[in-house]
Amino acid sequence: MDAMKIANSIPMWLACALPVAFVILQAVLFARGAYKSGKKLGLNDKQMKKAMKSSAVTSIGPSIVVLSAMLSLLVSVGGPIGWMRLSMIGSVMFESIAAGLGTSAVGVQLGTDTLTPEALGMAVWTMILCSIGWALFATFSANKMDKIEKKVSRGNTGTLTTIASCAIIGVFSAMCASHLSKPFYSMMMKADQITMSGAWKNALACVLGAVIMFVLTKIANKKEIGWLKEWSLTITILGAMIITALV
């Protein structure tokens, strides 16, 4: 049987819908818990609605990126699997690498060779097994994070804020550094023209994102434009994507 027919079959859609439904339920429960916690902290309805609105608007940009990235998985491993994996993980880079490693184990080059049922199974198992570690860690350690926070901060909330801020800066710096260094690494490895072009576009998108976000933040702070602060991430992501695609 054709592997892509299996990947896009109704049983596969039903199987993939179960974990997606779980993720949606989890989001609803977290949102309800956050709302109740906000009420206990003394936040009024106006403040709660403003926080929800800001969160929803901020999520649009990354969601569009994930949606566009899902198209590549849709072509390689089918719609249901791509939909399920990116609904739970959200990193097309990880999913593509994992799927490629899985298919290569049975001698199939993902995106180049014809996908076989065996290769499809290997791709799915590799994607799941390679990501189950952090899912289990988060599940069994979430209720212990309060104790860890208190032990690390030693009662000083400023210390915890500093650690969290440094962690976020470190993660994004590492991501940006990887994109900015790709062109130079590709030149050292004497990559082909297509690889070099992609590397330069990655670097360009990274630089454009930084410039657009800097300009929007300056304007929003100077003119005190509240909606621009909320939409700045979405505008930055879409702007960098569109400009890079047109270049």
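1. Ground rules. The model is predicted, so local features need pLDDT of at least 70 and side-chain atom pairs count only at pLDDT 80 or more, while totals for chains, interfaces and linings use all residues. Residues are numbered from 1 along each chain as its sequence is written, and side-chain values use heavy atoms, with hydrogens and water left out.

2. Disulfides. The term means a pair of cysteine sulfur atoms within 2.5 Å. The count is zero. Cys16 takes part in no disulfide, and the nearest cysteine sulfur, that of Cys130, is 17 Å away. Seen from Cys130, the closest cysteine sulfur is in Cys16, and 17 Å is too far for a bond.

3. Relative accessible area sets the classes: buried is under 20%, exposed is over 50%, and partly exposed is in between (1.4 Å probe, protein chains only). Cys16 has 3% and is buried. Cys130 has 43% and is partly exposed.

4. Ser76. This residue sits in helix α3, residues 45–77. Helices are DSSP runs (H or I, at least four residues), numbered from the N terminus. Ser76 is buried, at 15% relative accessibility. What does Ser76 contact, leaving aside its neighbours within four places in sequence? The partners are Met4, Leu110 and Leu115. Contact here means heavy atoms within 4.5 Å.

5. Aromatic pairs, the rule. Two aromatic rings are described by the distance of the centres and the angle of the planes. Rings of Phe, Tyr and Trp (its six-membered ring) pair if their centres lie within 6.5 Å; planes under 30 degrees apart are stacked, over 60 edge-to-face, and the rest tilted. The count is two pairs.

6. Trp13 and Trp83. Why is this pair tilted? The ring centres are 5.7 Å apart and the planes stand at 45 degrees, so the pair is classed as tilted. Distant parts of the chain are linked here: Trp13 belongs to helix α2 (residues 10–40) and Trp83 to helix α4 (residues 79–88), 70 residues apart. Trp13 is partly exposed at 37% relative accessibility. Trp83 is partly exposed too, with a relative accessible area of 28%.

7. Phe184 and Trp200. This pair is edge-to-face, with 6.0 Å centre to centre and 65 degrees between the planes. Phe184 lies in helix α8 (residues 157–188) and Trp200 in helix α9 (residues 193–223), 16 residues apart; the pair links distant parts of the chain. Phe184 is partly exposed, at 47% relative accessible area. Trp200 is partly exposed, at 44%.

Terms used. Helix = DSSP H or I, 4+ residues; strand = E, 2+ residues; numbered from the N terminus.
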